[in-house]
Amino acid sequence: MAGSIRVLSGNLWWGRADPEGLIQLIREYQIDVFAAQELGYETAEAISSELPYGGLEPRESYQGMGIALRRPGAYHRIPLHMRDARRVVLEAGDWEGLEAPIDLINVHFQAPHALRPFPSSWVRARQARDLERFLVANPSDARAIVGDYNATPHWPLYKRMARQFSDGAIHAAQREGRAVEPTWGPTPQSPRLLRIDHAMVRGLDVESFRVVGIPGSDHSALIFDCSPCSRG
């Protein structure tokens, strides 16, 4: 799409994803924005070698996150209980062809089976409330919230977000006459069983939505093009 941004969102499995494989993904799909969850030091180095802007905050645990950009964009954290979300704002002046700003948020909600802190359902609900407060205080005409929701469409957290945003995967699948694809399996080699990674959007047109394997990760990546909805 003219004036669109190509986004990749992916959980890198405690940083175990293959760094060279990530570089190949970025190059093959010409990624503009890489929203990473469970980001490690080697994977961060690989991503930033191709996408030098934004911010990456790797960790040795599952807490590493960040958003890497091909061109400049304001990057900061959104305070959430236990694990902050990350945010970039892409301005039209910095991105060729972009006609209006895009607000992109990267999330990694607490896993429902986590034992600490307990109960995980309370942590997830508080994270959702923290994010909703931020969204109300910081409105945007064109916004995407991508990442590992640790929730299938049958779970309360997904339904809570779907009341406010559209699911980019569903819209693309319906338009193209195909089924939505799962994104997670228990090992990198196993079939994907659950759809727990999402791109929820508002005020954005989404095209070319696909689910692509990440070498060395138990999650597949979401890759899609987006642009602010035309007005008038």
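Modeller: This is a predicted model, and in it phenylalanine 224 has a relative accessible area of 1%, which is under the 20% limit, so phenylalanine 224 counts as buried.

Biologist: Is phenylalanine 209 buried or exposed?

Modeller: Phenylalanine 209 also falls under that 20% limit, because its relative accessibility is 6%, and it therefore counts as buried.

Biologist: How is a pair of aromatic rings described?

Modeller: One gives the distance of the centres and the angle of the planes. In this model the count comes to 3 aromatic pairs, among them the stacked pair of phenylalanine 209 and phenylalanine 224, with 5.7 Å centre to centre and 10° between the planes. Phenylalanine 209 lies in strand 11 and phenylalanine 224 in strand 12, so the pair ties together parts that are 15 residues apart in sequence.

Biologist: In which sense do strand 11 and strand 12 pair, and over how many bridges?

Modeller: Strand 11, residues 204–213, pairs with strand 12, residues 220–228, in the antiparallel sense over 8 bridges, and leucine 204 stands opposite proline 228 in strand 12. The two strands form a hairpin with 6 residues between them, and in the turn glycine 216 has a positive phi of about 85°.

Biologist: Where does the charged end of arginine 202 sit?

Modeller: The charged end of arginine 202 sits over the ring of phenylalanine 165, 4.2 Å from its centre, while arginine 16 lies over the face of tryptophan 13, at 4.5 Å from the ring centre.

Note on methods:
Residues numbered from 1 in each chain as written. Predicted model: local features only at pLDDT ≥ 70, side-chain atom pairs only at ≥ 80, totals over all residues. Heavy atoms only, no water. Pairing = 2+ DSSP bridges. Helix = DSSP H or I, 4+ residues; strand = E, 2+ residues; numbered from the N terminus. Phe/Tyr/Trp six-rings, centres within 6.5 Å; stacked < 30°, edge-to-face > 60°. Buried < 20%, exposed > 50% of the residue type's maximum accessible area, 1.4 Å probe, protein only. Lys NZ or Arg CZ within 6 Å of the ring centre and 35° of its normal.
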